[in-house]
Each structure stands twice: as structure tokens, then as C-alpha cells.
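Here is a short note to read beside the model. Keep the sequence and the 3D view open as you go.

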Amino acid sequence: MGIIAWILIGLLAGIIAKMLMPGNDPGGIIVTMLIGIAGGLLGGWLGKVIFGVDSIDGFFEISTWIAAVVGSLILLAVFRLFSRATR
């Protein structure tokens, strides 16, 4: 997948993660996109390590989206923990 596809998946996965975990988060759309992109990479890596599958197949594959959203949820939770600790 190209970099534009990763950015689009990251943006959407970050938004979905924020909808699934509502609350006040510091940061705007850029932070959401960065969490989503990193979450997609984390989800793909975890899918490969834990389940031994290539979970990042293509833009329209459901496994790609699930991996990106799950990874984004994990990173959003970690981001919230660290942002609360620094307040």
C-alpha cells in the first residue's frame, strides 16, 4: 500500500478509535492521524506476531481495518495514560 493509503487508513482508524473510546483527549486531527498510523502499524505487527497472519493485506481488506483500529485503540489508551500523568 502507498503512503497516501496509510495516511487515509490512519486518519479513519484514529477517528474510529476515538469514537469507540470517547472522552477528552489533548490534540487535534494531527494527533488522531498519527495515533491511527502508528496504531495500524502496531496492529499489523501484533497480528503477525500473535496469530502468524499477514493482517495488512490491502486497503479494502477487513483484516487491515481491524488491525488498524485495534492498534489505534491500544495507542489511544497509552496516550491517555501518559497525558493524564503529565497533567
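What share of the contacts in the chain with a separation of 6 or more comes from residues 24 or more positions apart?

1. **Contacts.** Residues 24 or more positions apart account for 68% of those contacts. A contact means heavy atoms within 4.5 Å.

2. **Ground rules.** This is a predicted model: local features need pLDDT of at least 70, side-chain atom pairs count only at pLDDT 80 or more, and totals for chains, interfaces and linings use all residues. Residues are numbered from 1 along each chain as its sequence is written, and side-chain values use heavy atoms, leaving out hydrogens and water.

3. **Confidence.** pLDDT is the predictor's confidence in each residue, from 0 to 100. The chain averages 78, and 84% of the residues score at least 70. Confidence is lowest in helix H2 (residues 29-51), with a mean of 80. It is highest in H3, at 83.

4. **Fold.** The chain has three helices and zero strands. Its pattern along the sequence is α-α-α. Helices (H or I, at least four residues) and strands (E, at least two) are DSSP runs, numbered from the N terminus.

5. **Burial and surface.** The chain has 87 residues, and 32% of them count as buried. Buried means under 20% relative accessible area, exposed over 50%, and partly exposed in between (1.4 Å probe, protein chains only). The chain exposes about 5,300 Å². Carbon and sulfur atoms supply 76% of that area.

6. **Arg80.** This residue is found in helix H3 (residues 62-85). Arg80 is buried, with a relative accessible area of 9%. Leaving aside residues up to four places away in sequence, Arg80 touches Met21, Pro22, Gly23 and Asp25.

How values were computed:
Accessible areas come from the Shrake-Rupley method with a 1.4 Å probe; for residues, only the protein chains shown count as cover.
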